[in-house]
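Hi,

Here is the structure I promised to pass on. Have a look at it first, and then read my notes below.

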Amino acid sequence: MHYDIVIVGGGAGGLELAAQLGRKLGRREGKERILLIDRSGFHIWKPTLHEVAAGTLDVHQEGLSYPILGRANHFSFHLGELSALDPVAKRLTLKAITAKDGAVLVPERSITFTWGVLAIGSGSNLFGTPGAETAHLLERTEDAEAFHTRLLATFMKASFAPERTMGVAIVGGGATGVELSAELLEAHRALLESLGAEQRFRLDITIVEAAPRILGGLPDKTSAQATVALERKGVHVRTGAKVIAVHADRLETSLGDIPADLIVWAAGVKAADSNTGLGLETNRLNQFVVNDRLETSAPGIWALGDCAGCPWKDGKLVPARAQAAHQQASYLAKALLARLRQARVEEPYVYKDFGSLVSLGENKGVGALMGGLGGPNFFIEGLVAKWFYVSLHLAHHKAILGVGKTATLALARLLQQRVAGRLKLH
Ligand SMILES: Cc1cc2nc3c(=O)[nH]c(=O)nc-3n(C[C@H](O)[C@H](O)[C@H](O)COP(=O)(O)OP(=O)(O)OC[C@H]3O[C@@H](n4cnc5c(N)ncnc54)[C@H](O)[C@@H]3O)c2cc1C
């Protein structure tokens, strides 16, 4: 099987690239020209995984099927997990697809390509911490769903336990940890509204961060505002605390033990170990080393998003953010289409940091926009920040669905919430 352009990974970056190329190329020349491969059959925008975990977003309502997206955007789709790559022969191998009982549904397959793009994202960095692998992660949809199932069970247990308290410890005070804590508070509040007084229980959330402040990658003011907002809501923010080990019922930290019914690891970003065996140059975070045109060490193979170690400024790499994956997808679509016309996009890829926004629950956000209305660092908070935050998700949907369908989907979601409530309790 051969395709002209194969994109592996249909996440924040890869799916947008497939949609852009498909609409330009596949529409005219047939969707057989572009192939998107993903190990999952449906797409969820990764920055919403904390909402899936808390149950404030229903994955089955939110998920978009790749084959349907392919039909609308004129690209082909194959379900499969990349297991090997021959960068010289331009051939990749996908693992066999098996049923739950282990029966092989589709055997291992090989696909050859003219140009390849790797957009397979990243996972967490456990920093070799003993027991960290037993904590919940938020890397994949399955992780978020597993957390949600466990959360509901723990909610149930706490509502009947004599002490009526439940503890959640979140390792990592980055955007993921902060947003998850806010979303869990929302879920708890919504649940309490449905419980009788005799079943109500307290939720104790602790964020553990080794650095002196949470949201370390964001301006001081954003971090300070988020800390105040979280503490006001009752979240314990423990900064300067290094996690020594993760145990079944507690976190062992340099500032003492933190008892917890649920422990989430939301610290650090690291790409898959298997990336190092694909015959491409990788860095210490297992990212594919790319130049400022997103080219890997093998000609004809590009990488984008979290899995790409792309140079930025002051010796730093482009941060692992949806914003970067989105920009790189647009850059690469332009560059590949130019190449097809035997032209060359002269400008290298330059990451433009438009700032960062963090959601602090249903109607609240906080963040800083860069180089905008208020100068180099324009601080926003509250409902405005939350709306800017939501608009990023809508922008992603617009890139893959177009304006009309995005608006319809947003309206459908709103109506569904009005009817069934925001919290998914099953
Ligand atoms: C809870 C949470 C909140 C976040 N919030 C924000 C935010 O507010 N703002 C922001 O900018 N960023 C945020 N991020 C980071 C953001 O999600 C990532 O930077 C972004 O999704 C990276 O896009 P990507 O396309 O590189 O990878 P991903 O979106 O992770 O997509 C990778 C895709 O590759 C597929 N894949 C992986 N391995 C294989 C394989 N071997 N074979 C086939 N397919 C494979 C996966 O199934 C997935 O579809 C958040 C992340 C999390 C977890």
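Here is what I found, starting with the ground rules.

This is a predicted model, in which local features need pLDDT of at least 70 and side-chain atom pairs count only at pLDDT 80 or more, while totals for chains, interfaces and linings use all residues. Residues are numbered from 1 along each chain as its sequence is written, and side-chain values use heavy atoms, with hydrogens and water left out.

First, the sheet. Four parallel bridges join β13 (residues 165–171) to β19 (residues 262–265), and A169 has I263 as its bridge partner in β19.

Next, helix α7 (helices are DSSP H or I runs of at least four residues). Its 13 residues, 220–232, reach 18 Å from first C-alpha to last. Just after α7, G234 has a positive phi of about 95 degrees.

Finally, the cysteines. There are zero disulfides in the whole structure, a disulfide being a pair of cysteine sulfur atoms within 2.5 Å. The sulfur of C307 has its closest cysteine sulfur in C310, 11 Å away, which is too far for a bond. C307 is buried at 0% relative accessible area, and C310 is buried at 0% too.

Best wishes

Key:
Two strands pair if DSSP finds at least two bridges between them. Helices (H or I, at least four residues) and strands (E, at least two) are DSSP runs, numbered from the N terminus. Buried means under 20% relative accessible area, exposed over 50%, partly exposed in between (1.4 Å probe, protein chains only). The expected span of a helix is 1.5 Å times one less than its number of residues.
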